[in-house]
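Trainee: I have a model open and would like to go through its side-chain contacts. Can we take it topic by topic?

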Amino acid sequence: ERERTFTADVSHELRTPLTAIQTGSELLLDEPGLPPKARQQAERIARGAARLSGLVNVFLLLAREQEGGERDAIDLRECAEQAVESIRERAQAKGLQLDVAIPPGIVVMAPRNALQVVLSNLLGNAVRYTDTGGIRLMASEKAVEIVDSGCGVEPHRIPDLFRRFRRGDSHSGEGFGLGLAIVKRICVNHGGECTVWSVEGEGSTFTLRLPLQAASDVPAPE
C-alpha cells in the first residue's frame, strides 16, 4: 500500500515539471533562427521529456487498484498501429523498416491503456536494440509476436530481462531497465504472459499471450 501511494504521489508531482519541459522545448524548436547545435539539444530534451512522461503515465496506471481500467473488446490491429506510431520517428531515424502483419478481426479483451503500454514498451525495446534491418509485429488468435533483427541477448542475461533495473545490453546507456518489468507486471495482472526467444547477434522475438479471440466470438453490446 505504501509503494502504491508513493508511486501515485510522485507521478502526480512529476507531471507539472515535465509538462513545462515539454512545452518549453516545443516552443524553442519553433524558433526559426535556432542554431543547429542548440536545435539538436532541444530535440534531445523533447525526446527525453516524452519518454519520462510516458513512464509517469505507466506508473500511475500500475498504482491504481483497478488494474488499468475495465476490460474492453479492442481491435488488435488498430491498437498495434497506434503503438507503432509512437516509435515510428525513432525507427525512421535509424533507417529501420516497420512491418505490421496483423489480420483484421482479432480482438483483445483487456484495458486499452494497459495493452497500449505493453505494445509500446515492447516496440520501443526492439527499436533501442536494433541498428539495422527492421521490426515485424505479427499476431494470430493465439499470440502476438514482435520480431527484431537487433543485437540479441546474451544467454545468461535472458532470465533477468523482466526484472526491474536490468537491461539486455550492459553497454547501452539508454532506458531505465523498467520497460520489460512493467510489461510482465501488466501481463500477470490480466492473465497473460510475455516470453522471449533470442540469439545473440541475430535478433529477438517477444511473444505476448493475452485473452485473444475472433471478432465473431465477442458478445454484442446489449
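Mentor: We can go through salt bridges, a helix, cysteines and aromatic rings in turn.

Trainee: What should I know about the model and its numbering before we start?

Mentor: It is a predicted model, where local features need pLDDT of at least 70, side-chain atom pairs count only at pLDDT 80 or more, and totals for chains, interfaces and linings use all residues. Residues are numbered from 1 along each chain as its sequence is written, and side-chain values use heavy atoms, with hydrogens and water left out.

Trainee: How many salt bridges does the structure hold?

Mentor: Six. The term stands for a side-chain nitrogen of Lys or Arg within 4 Å of a carboxyl oxygen of Asp or Glu.

Trainee: What is the N to O distance for Asp 99 and Arg 136?

Mentor: The side chains of Asp 99 and Arg 136 meet at 2.0 Å, N to O. Helices (H or I, at least four residues) and strands (E, at least two) are DSSP runs, numbered from the N terminus.

Trainee: And how accessible are Asp 99 and Arg 136?

Mentor: Asp 99 has a relative accessible area of 27% and Arg 136 has 36%, so Asp 99 is partly exposed and so is Arg 136. The cut-offs are under 20% relative accessible area for buried and over 50% for exposed, with partly exposed in between (1.4 Å probe, protein chains only).

Trainee: Which residue does Lys 94 pair with?

Mentor: Lys 94 forms a salt bridge with Asp 131, at 3.1 Å from N to O. Here too the pair links distant parts of the chain: Lys 94 is in the loop between H3 and strand E2 (97-101), and Asp 131 is in the loop between H4 and strand E4 (134-139). Lys 94 is partly exposed at 30%, whereas Asp 131 is exposed at 56%.

Trainee: Where do Glu 85 and Arg 88 lie?

Mentor: Both are in helix H3 (residues 76-93), three residues apart, which is about one turn of the helix. Glu 85 is partly exposed at 49%, and Arg 88 is partly exposed at 29%.

Trainee: Changing topic, what is the end-to-end reach of H4?

Mentor: Helix H4 (residues 112-128) reaches 24 Å from its first C-alpha to its last, close to the 24 Å expected for its 17 residues. The expected span is 1.5 Å times one less than the number of residues.

Trainee: How many residues of H4 are buried?

Mentor: Twelve of 17, so H4 is mostly covered. Among them are Leu 115, Gln 116, Leu 119 and Asn 125.

Trainee: How many disulfides turn up?

Mentor: Zero in the whole structure, with two cysteine sulfur atoms within 2.5 Å as the criterion. For Cys 187, the nearest cysteine sulfur is that of Cys 194, 5.4 Å away. Cys 187 is buried at 1% relative accessible area, and Cys 79 is buried at 0%.

Trainee: Last one: how many aromatic pairs are there?

Mentor: One. The rings of Phe 162 and Phe 206 have centres 6.4 Å apart and planes at 75°, so the pair is edge-to-face. Phe 162 is in the loop between strand E5 (144-148) and helix H5 (179-189), and Phe 206 is in strand E7 (residues 203-209), 44 residues apart. Both are buried. Rings of Phe, Tyr and Trp (its six-membered ring) pair if their centres lie within 6.5 Å; planes under 30 degrees apart count as stacked, over 60 as edge-to-face and the rest as tilted.
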